[in-house]
Structures are given as C-alpha cells and as structure tokens.
Amino acid sequence: MGNLFGKKKVTRITEQDKAVLQLKQQRDRLKQYQKKITLQLEKERELAKQLLKNGKKDKALLLLKKKRYQEQLLDKTENQISNLERMVQDIEFAQIEIKVIEGLKVGNDCLKKMHELFSIEEVERIMDETHDAIEYQKQIDDMLAGSLTQEDEDAVLAELEAITQEEADLELPDVPGEELPEVPEQEPVRVVFLCLTVLCF
C-alpha cells in the first residue's frame with residue numbers, strides 16, 4: 001500500500017549546501033575552541049597573580065609567556081572564523097547569483113518564443129495596416145464633417161441666432177413696488193361659532 005497522505009517532498013541537497021554546512025560546523029568548532037581558550041586565559045592570569053603573591057616570580061613569568069602564546073592562537077582563531085564566515089557568505093551569494101542567471105535564461109527563452117510568433121516583417125505589415133485604417137477613418141470623418149453646403153451652414157447659424165434672440169426676449173414679471181404687510185409676532189386667536197339648528201317635527 002502506498003502512503004495515504006501522498007508522497008513526501010524530497011529536498012535535493014546540492015554540493016554547495018554540503019560545503020556551506022561543513023564550513024558552518026568548522027566555524028562553530030572554532031568558536032567553541034575560542035571560548036575555551038578565553039576562559040583558560042582568565043584562569044592563568046589569576047594563577048599568575050597568586051604565584052607572584054607567593055613569591056614564585058619565575059613560575060608566574062613562565063605562565064604569562066604561555067598565556068601570551070595562547071592569546072596569539074586566539075587571534076589566529078578569530079581570523080580563521082572570519083575567513084570561514086566570508087566563505088559561507090560568498091557561497092550563499094553565488095547560489096543566489098545562479099538562481100538569478102537561471103531566471104534570466106528562462107526569461108530570454110520566453111522572449112525568444114514570443115518573438116518567433118511575429119517576425120519583423122509581420123510587425124511592419126500590421127503597423128502599416130493600422131496606419132492605413134486610421135487614415136481611412138480620418139477621410140471618412142473629414143467627409144462627414146464637410147458634407148454641409150454653405151446654404152446649410154447659413155441656416156444653422158440663423159437658427160442659432162433665433163434661439164439666442166428668444167432667450168433675450170423672454171420677459172420676467174415686474175417686481176411689485178408696494179411694501180408687504182407686517183407679519184404679527186403672535187398667532188391670531190381664531191373664534192369658532194357653532195350654529196345649532198333645531199328641527200322640530
């Protein structure tokens with residue numbers, strides 16, 4: 001029976017990935033060594049102080065020489081760590097560059113295929129046809145715009161003048177010159193009379 005949840009995605013580990021991993025492991029080992037030496041240097045300095053207090057100057061001097069040698073090793077270790085980190089960064093950046101180049105290659109292939117669809121001659125023919133169609137439409141527009149005779153143009157202008165005159169002749173009612181009556185401030189009281197009619201039978 002196969003896997004019910006589908007196939008596992010297999011990640012392909014490249015030689016570059018292995019190289020980066022090994023470089024990082026070496027860097028980590030060097031950092032551990034560096035930490036160990038640093039702690040040892042601190043202890044030896046304290047021990048040298050103690051030896052001086054006890055009057056053992058020669059042993060203290062020998063211990064400080066050993067400490068000095070280890071400090072030089074520490075400096076070399078720091079340089080090696082820097083070199084390893086630089087190498088890791090160079091490899092990782094080279095991998096990015098490869099992906100970029102692969103992307104550019106795919107893009108170029110795609111452009112080539114698109115260019116194969118239309119040759120230069122085909123594009124020129126389409127552009128000429130488009131230009132001809134635009135010119136043809138322009139000729140039609142010019143013909144339609146110029147289809148009115150001078151008599152028609154005069155009639156249109158006369159109609160425009162008549163409409164303008166009608167607007168000018170439109171008279172508005174006169175505004176009354178008398179003053180309007182004053183409005184009382186209080187509402188007038190209304191008296192309601194009820195008329196009762198009695199009907200006698």
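Predicted model: local features only at pLDDT ≥ 70, side-chain atom pairs only at ≥ 80, totals over all residues.
Student: Which residue forms a salt bridge with Glu85?
Tutor: The closest N and O atoms of the pair are 3.5 Å apart, and a salt bridge requires a side-chain nitrogen of Lys or Arg within 4 Å of a carboxyl oxygen of Asp or Glu. Glu85 lies in helix H2 and its partner in helix H1, so the pair ties together parts that are 54 residues apart in sequence. The partner of Glu85 is Lys31.

Student: How many residues apart in sequence are the parts that Lys24 and Glu92 tie together?
Tutor: The side chains of Lys24 and Glu92 meet in a salt bridge, with 3.4 Å from N to O. Lys24 lies in helix H1 and Glu92 in helix H2, so the parts tied together by this pair are separated in sequence by 68 residues.

Student: In which helix do Asp109 and Lys105 both lie?
Tutor: Asp109 forms a salt bridge with Lys105, the closest N and O atoms being 3.5 Å apart. Asp109 counts as partly exposed at 31% relative accessibility, whereas Lys105, at 54%, is exposed. The two residues are 4 apart, about one turn of the helix, and both lie in helix H2.

Student: Is Gln34 buried or exposed?
Tutor: Gln34 belongs to helix H1, which covers residues 15-53. Leaving aside residues up to four places away in sequence, Gln34 touches Leu74, Thr77, Glu78 and Ile81. Because its relative accessible area is 16%, Gln34 is buried.

Student: What is the accessible area of the nonpolar patch on the surface?
Tutor: The patch is formed by Leu111, Met114, Leu117, Phe118, Val123, Ile126 and Met127. Helix H2, residues 57-117, and helix H3 each supply at least two of its residues, and Leu111 is one that lies in helix H2. Together, the residues of the patch have an accessible area of about 690 Å².

Student: Which charge, positive or negative, gathers in the surface patch that includes Glu124?
Tutor: Glu124 lies in helix H3, residues 120-145, and counts as partly exposed at 48% relative accessibility. The other residues gathered with Glu124 are Glu121, Asp128, Asp132 and Glu135. The charge of this patch is negative.

Notes
Residues numbered from 1 in each chain as written. Heavy atoms only, no water. Patch = residues over 30% accessible without salt bridge, like charges linked within 9 Å, V, L, I, M, F, W, Y side chains within 5 Å. Areas by Shrake-Rupley, 256 points an atom, 1.4 Å probe, with all protein chains shown as cover. Lys, Arg positive; Asp, Glu negative; His and termini not counted. Charge placed at Lys NZ, Arg CZ, Asp CG, Glu CD. Buried < 20%, exposed > 50% of the residue type's maximum accessible area, 1.4 Å probe, protein only. Contact = heavy atoms within 4.5 Å.
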